[in-house]
Amino acid sequence: MKRVTLFSGHYGSGKTNIAVNYALGLKKEGLKTLIADLDIVNPYFRTRDSEKALKDAGVEIVVSSYANTNVDVPALPEEMYRIIDDKQTHAVVDVGGDDRGALALGRLAPSLMAEDDYEMVFVMNFYRPLTRTADQLISVLREVETASGMKVTALLNNSNLGQMTAVSDIAETDALAREVSEKTNLPLLGTTVREDLINEIKGKVVHPMPIRLHFRDEWAIY
């Protein structure tokens with residue numbers, strides 16, 4: 001387990017909900033945990049949407065004061081630097097979607113790489129318009145790496161159709177997830193599965209991981 005875990009991915013991949021789940025999991029393990037939302041450009045799904053669940057669990061939240069507004073501010077608030085300064089805290093970072101959203105991470109990249117205690121997980125969803133094939137997804141992954149100045153270290157298959165997701169929808173993307181892993185030489189950590197489907201998916205995908213939805217909106221991608 002690394003001190004800093006970054007979740008990146010294309011818009012709508014579901015990285016925010018995964019980050020929330022992971023942060024809550026760390027807190028259950030008794031670890032001092034904060035979750036930071038670096039998506040300061042064009043906010044769509046924000047960690048602030050899950051503020052109550054996180055605060056009730058004792059997870060600290062670090063977000064831009066402009067979250068959930070129409071104001072784009074190309075700078076990190078000072079408290080964001082706790083990610084690199086507070087070595088006693090496990091930080092979970094929701095990186096902005098695609099290359100534009102990953103630019104903010106570039107401000108923290110040198111310090112994170114110097115400490116060398118991080119994991120950068122790329123969240124894959126093959127049901128999004130621009131990441132339907134392995135090659136399309138790899139192209140977005142490389143754009144994020146270039147913009148952030150950091151290399152992705154692992155992959156996570158989060159392919160889904162929101163509340164409409166069936167076991168067959170998830171299983172059909174397993175081969176694509178494996179293809180990305182082979183072409184990039186990055187480890188595939190597993191496949192996220194909505195909690196109520198976990199027993200049905202076993203044996204059909206790489207390492208199924210149960211995940212809980214934390215968004216208010218029923219249509220939100222997990």
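## The largest pocket

Helix 1 is the top contributor to the lining of the largest pocket, giving six residues. Helices here are DSSP runs of H or I with at least four residues, strands are E runs of at least two, and both are numbered from the N terminus. The pocket has a volume of about 600 Å³. Of its 22 lining residues, the closest to the centre are Ile18, Asn21, Tyr22, Gly25 and Pro210. A pocket, on a 1 Å grid over the protein atoms alone, is an open set of points where a 1.4 Å probe fits, with protein on both sides within 12 Å along at least five of seven lines; lining residues have an atom within 4 Å of a point. The volume is the space filled by probe spheres set on the points, which are joined across faces, edges and corners.

Which elements give two or more residues to the lining? They are strand 1, helix 1, strand 5 (118-124), strand 7 (188-194) and strand 8 (208-211). By type, the lining splits into 12 nonpolar, five polar and five charged residues. Here Ala, Val, Leu, Ile, Met, Phe, Trp, Tyr, Cys and Pro count as nonpolar, Asp, Glu, Lys and Arg as charged, and the others, Gly among them, as polar.

## About the model

This is a predicted model, where local features need pLDDT of at least 70 and side-chain atom pairs pLDDT 80 or more, while totals for chains, interfaces and linings use all residues. Residues are numbered from 1 along each chain as its sequence is written, and side-chain values use heavy atoms, with hydrogens and water left out.

## One aromatic pair

Searching the whole structure turns up one aromatic pair. The ring centres of phenylalanine 7 and tyrosine 22 are 5.6 Å apart and the planes sit at 70°, so this pair is edge-to-face (centres within 6.5 Å make a pair; planes over 60 degrees apart are edge-to-face). Phenylalanine 7 belongs to strand 1 (residues 4-9) and tyrosine 22 to helix 1 (residues 15-28), so the pair ties together parts 15 residues apart in sequence.

Phenylalanine 7 is buried, at 4% relative accessibility, while tyrosine 22 is partly exposed at 27%. Buried means under 20% relative accessible area, exposed over 50%, and partly exposed in between (1.4 Å probe, protein chains only).

In strand 4 (residues 90-94), five of the five residues are buried, so the strand is largely enclosed by the rest of the structure. His90, Val92 and Asp94 point one way, Ala91 and Val93 the other.

Strand 1 runs parallel to strand 4, joined by four bridges (strands pair if DSSP finds at least two bridges between them). Valine 4 stands opposite alanine 91. Strand 2 (residues 33-37) also pairs with strand 4 in the parallel sense, over five bridges, and aspartate 37 has aspartate 94 as its bridge partner.

Definitions and conventions:
Rings of Phe, Tyr and Trp (its six-membered ring) pair if their centres lie within 6.5 Å; planes under 30 degrees apart count as stacked, over 60 as edge-to-face and the rest as tilted.
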